[in-house]
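Hi,

Here is the model I promised to pass on.

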Amino acid sequence: MRVSQLLIPTLREDPGEAEVVSHRLMMRAGMIRRVAAGIYTYLPLGLRVIRKIECIIREEMDRAGAQEVLMPIASPAELWRETGRWDFYGKELLRFKDRHEREFCLGPTHEEVITDLIRREVRSYRQLPLNCYQIQTKFRDEIRPRFGLMRGREFIMKDAYSFDQDEEAAKLSYRKMYDAYVRIFTRCGLTFRPVEADTGLIGGISSHEFMVLAETGEETIVYAEGGTYAANIERAELRLPTETSDEPFRPLRKVPTPGLRTVEEVCAFLKTTPRRLAKTLLFTTPKETVAVLIRGDHEANVVKIKKLLGCQDLELASPETVSAVTGAPVGFAGPIGLRRTRLVADHAVRVMRNIVVGGNEGDTHYVDANCDRDFKVETFGDLRSAMAGDPSPHGDGTLSVARGIEVGHVFMLGTKYSQAMKATYLDPQGNEQFAVMGCYGIGVGRTAAAAIEQNHDAKGIIWPVPIAPFLLHLLPLSPSSQVSQAARNVYEALVAAGVEVLWDDRDERAGVKFNDADLIGVPYQLIIGEKGLAQGAVELKERKTGAVTRLPPAEVLERVKERVEQAQT
RNA sequence: CGGGGCGUAGCGCAGCCUGGUAGCGCGUCUGGUUUGGGACCAGAAAGUCCCCGGUUCGAAUCCGGGCGCCCCGACCA
């Protein structure tokens with residue numbers, strides 16, 4: 001296609017709103033434009049990348065035996081009430097009423113709609129297994145949309161739903177999707193890692209997230225270096241602490257710590273280390289206030305705490321609540337003499353001896369406090385986040401920490417939705433059974449953004465060949481008739497051979513064309529200049545390496561094909 | 001929802017403190033010269049200074065309210 005006829009509004013300067021690389025480059029390369037917070041229009045270049053990714057997804061989903069459907073974007077409230085998610089989903093669910101005052105929402109995911117379909121249409125075990133997928137626009141009214149396509153409110157998602165007779169069969173469906181995801185992200189040219197994950201709002205039994213490794217990722221993952229274990233930090237389990245202390249118990253003492261609130265301040269003042277201090281964090285749930293004891297150098301894990309308490313909403317207590325419960329301002333909460341709250345603690349606290357804790361009194365801490373002797377913990381649990389150096393739960397070494405972008409998520413749902421919505425089938429014995437479900441998502445736009453986070457340089461994007469908007473960027477450098485004629489010839493030959501060529505036929509200076517080409521990031525540039533042409537040569541340049549090959553125009557097609565084949569093996 | 005910031009030409013910004021003719025760079029349009037890494041000369045068009053109200057002889061500028069957006073946090077597939 002010709003640049004002069006496409007809407008590719010490249011930007012010389014960085015747009016003020018863009019923070020991360022992918023957002024900035026997508027704006028600058030003229031791929032997307034913002035319509036409202038977290039809502040974007042895809043321009044021709046952006047759409048071509050989206051379509052490429054969708055195409056790979058379709059091929060792999062079909063190969064894995066899934067079939068494509070298309071569900072509506074609006075769904076009626078009653079379906080969501082059946083599963084309880086109309087209330088449970090919260091503000092993220094964008095709700096509205098039609099002219100008859102009937103309640104609807106914009107679909108943030110489609111378990112309810114697909115389960116409704118399947119319960120109507122599937123009656124016999126002979127119709128199972130079944131896996132339906134769609135590529136659809138979703139809407140989630142995010143608290144804080146940001147980073148362009150990385151975390152939009154409206155976004156394109158591939159979602160698939162499997163229905164099986166029993167756990168065993170469901171595991172097989174899950175495995176197929178898992179394998180398909182590995183193929184999809186590999187084909188997209190991404191460096192990624194599947195990790196064990198929390199099931200969040202979707203619920204269910206177990207799940208894996210597919211993380212594209214990138215510094216700018218919003219997720220933190222831990223993995224065993226050289227081992228098999230990898231998990232989202234929200235979920236990564238920890239082994240019970242094994243260390244013991246033979247330190248003699250010392251008597252409890254109360255010490256003044258004027259104005260010292262943070263772990264660091266208190267430790268510096270008392271000449272000790274965070275490992276010998278336990279912080280007392282106060283959380284509020286809709287029902288109660290709970291105190292959570294965590295070792296000073298550890299990070300509390302909200303997901304794990306929620307699980308232990310069996311509640312969905314958990315917030316750090318307000319300063320008012322803290323002082324009402326502890327009798328002290330924020331920074332001096334402690335487990336000793338705490339009333340009116342439950343006290344739970346991380347396993348690590350159990351083995352600590354002679355520790356520092358808050359005094360529940362302004363400007364006061366206790367030293368040489370000991371669990372059981374000085375305070376009673378109701379329940380111990382795995383309540384902190386893993387950190388680098390912790391032993392892997394699989395016993396395969398120690399854990400490292402990395403950042404990732406979640407581009408895909410597979411869930412084993414079990415019968416959560418089929419029971420709630422009575423999606424049953426008759427087994428060979430004529431007994432009614434609940435279908436066992438799985439669901440599988442891929443963020444299409446987020447995958448494109450992740451690809452950019454992983455593949456760019458100071459000049460712009462460097463697309464992996466399989467998802468590039470074009471394969472070759474044709475750059476005639478002068479308006480002379482020989483050059484433009486040569487460009488035209490090459491263009492027609494390549495297009496006839498099925499190569500996707502972006503032809504910069506604008507009357508622009510060489511520098512402008514080069515810079516736009518580097519910004520847009522098409523994998524190969526074919527440069528046709530007057531001098532080279534006089535010697536019968538054009539230049540084939542690889543965007544990624546900058547390597548230039550001089551060759552006669554007639555050989556271009558052959559060489560380009562070679563390169564692509566190499567790249568695919 | 002809490003904290004911080006921003007809203008002035010298509011884009012990036014200055015001007016606001018200290019009220020008085022709305023500016024700069026890039027882009028756009030016309031003509032000419034140029035043509036291998038964001039050219040040069042000459043000319044031109046383009047603004048509801050986010051909105052509403054107030055103060056004032058006079059408001060982009062001061063005051064009040066609203067809206068939108070960005071960043072941090074609480075968080076979330």
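β13 and β19 (residues 364–369) run antiparallel and are joined by four bridges. Strands here are DSSP runs of E with at least two residues, numbered from the N terminus, and two strands pair if DSSP finds at least two bridges between them. Within this pair, Lys254 has Tyr366 of β19 as its bridge partner. The open sheet has three strands, ordered β13-β19-β18, with antiparallel pairing. β13 (253–256) and β18 (355–358) each have a single partner strand, so one side of each edge strand has no neighbour in the sheet. From one strand to the next, the twist averages 30 degrees (axes are lines fitted to C-alpha atoms, with angles from 0 to 180 degrees between N-to-C directions).

A word on provenance: this is a predicted model, where local features need pLDDT of at least 70 and side-chain atom pairs count only at pLDDT 80 or more, while totals for chains, interfaces and linings use all residues. Residues are numbered from 1 along each chain as its sequence is written, and chains are lettered from A and ligands numbered from 1 in the order in which they are written.

Chain A splits into domain 1 (3–237 + 401–452), domain 2 (253–381) and domain 3 (470–568), with bounds from an automatic or database domain assignment. The centres of domain 2 and domain 3, taken over C-alpha atoms, are 65 Å apart.

Val522 is in contact (C-beta atoms, placed from the backbone, within 7 Å) with residues including Trp463, Phe470, Leu502 and Arg543, leaving aside neighbours within four places in sequence.

Happy to talk it through!

Conventions
Contact = placed C-beta atoms within 7 Å.
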